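Please find below a briefing on one protein chain, arranged by topic for use alongside the sequence and the three-dimensional view.

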Amino acid sequence: MTRSTTIKDFILDILVTQTKNIAEIESMPDNNGNISRMYTYQAFALETIAIELLGKVLSGKDLFKYVPGQPKVDFENAIETLFPEKYHGFKTLLYKELRCGMLHTFGPNRNIALGDKEIIGRRKKDHLSLSSTGKRVILFQEFHKDFTVAANKLVTSRDPKIQEKLNEIFLNIGPVSSI
């Protein structure tokens, strides 16, 4: 049996719900009895990379056709259109230092500092601020909230072209012979 997933379902089920679930998995206690959220980073990586998908849906273009320079345009458009205003001034930095780093090396480039506010004791106001070493601070929890808002803003858009794109089949999962 083949299961087909629309773009909308992929965004809501995989990128919003399952990344939240992944981020909340607790690890086994360490030698000091501390329990941490072990998979927050993996969930964050998926959301970071997925911003480009949100932008591709906004553009209405073929998701699977590569056009040089288009990933940057799509990513920045998603930041500008769907994310809170506090991100807008950093869209190029986020593309170059965060998205490209996470996609190509599974780690941010040198100008980004990642943090889990529950582990390092950071506050909401520290999100997107500059660290003492001049790096832009991104807190996992705040980023996840903002990504979720952006994804929901996209899937609840009243634009008929966006809704048409969201209802396209994105994935077919099943036996090789049936897909």
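Phe 106 counts as partly exposed, because its relative accessibility is 45%. Phe 106 is placed in the loop between H4 and strand E2 (112–115), and its phi is near 55°, a positive value in a residue other than glycine. The model discussed here is predicted.

**Overall architecture**

- The protein chain contains seven helices and four strands.
- Read from the N terminus, the order of these elements is β-α-α-α-α-β-α-β-α-α-β.
- Of the 179 residues in the protein chain, 42% are buried.
- When contacts between residues at least 6 apart in sequence are considered, 60% of them join residues at least 24 apart.

**The largest nonpolar core**

- The largest nonpolar core holds 39 residues, and those touching the most other members are Ile 11, Phe 83, Phe 147 and Leu 154.
- Two or more residues of this core come from each of helix H1 (7–23), H2, H3, helix H4 (91–105), helix H6 (140–155) and helix H7 (160–166).
- The element that gives the most to this core is H2, with eight residues.
- Leaving aside residues up to four places away in sequence, Phe 83 touches Ile 51, Ala 78, His 88, Phe 143, Asp 146, Phe 147 and Ala 150.

**Helix pair H2 and H6**

- A pair of packed helices is described by the angle between the two axes and by the distance between them.
- For H2 and H6, the axes come within 10 Å and cross at roughly 30°.
- The two helices are therefore roughly parallel to each other, since angles under 35 degrees fall in that class.
- The crossing in which H2 passes H6 is left-handed.
- On the H2 side, the contact is made by Thr 40, Tyr 41, Phe 44, Glu 47, Thr 48, Ala 50, Ile 51, Leu 54, Val 57 and Leu 58.
- On the H6 side, Phe 140, Phe 143, His 144, Phe 147, Ala 150, Ala 151 and Leu 154 take part in this contact.
- By class, the residues of the contact of H2 with H6 comprise 13 nonpolar, three polar and one charged.

**Helix pair H3 and H4**

- The axes of H3 and H4 come within 9 Å, with a crossing angle of roughly 125°.
- H3 and H4 are therefore oblique to each other.
- H3 passes H4 in a crossing that is right-handed.
- From H3, the residues Pro 71, Lys 72, Phe 75, Glu 76, Ile 79 and Glu 80 meet Lys 91, Thr 92, Leu 94, Tyr 95 and Arg 99 of H4.
- The contact of H3 with H4 has five nonpolar, one polar and five charged residues.

**Individual helix residues**

- Glu 76 belongs to helix H3 (residues 70–82), and because its relative accessibility is 13%, Glu 76 counts as buried.
- Beyond residues up to four places away in sequence, Glu 76 touches Lys 91, Thr 92 and Tyr 95.
- Leu 46 is located in helix H2 (residues 40–59), and its relative accessibility of 41% is why Leu 46 counts as partly exposed.
- Thr 19 and Ile 22 are touched by Leu 46, with residues up to four places away in sequence not counted.
- Leu 46 is 32 residues from Ile 14 in sequence, while their C-alpha atoms are 9.4 Å apart in space.
- Gln 141 is part of helix H6 and is buried, its relative accessible area being 16%.
- Between Gln 141 and Asp 116 there are 25 residues of sequence separation and 6.8 Å in space, C-alpha to C-alpha.

Note on methods. Residues numbered from 1 in each chain as written. Predicted model: local features only at pLDDT ≥ 70, side-chain atom pairs only at ≥ 80, totals over all residues. Heavy atoms only, no water. Buried < 20%, exposed > 50% of the residue type's maximum accessible area, 1.4 Å probe, protein only. Contact = heavy atoms within 4.5 Å. Core = buried A, V, L, I, M, F, W, Y, C linked by side-chain atoms within 4.5 Å. Axes fitted to C-alpha atoms, helices over the stretch in contact; angles between N-to-C directions. Parallel < 35°, antiparallel > 145°, perpendicular 65-115°, else oblique. Left-handed = near helix turned anticlockwise from the far one by under 90°. Nonpolar A, V, L, I, M, F, W, Y, C, P; charged D, E, K, R; others polar.
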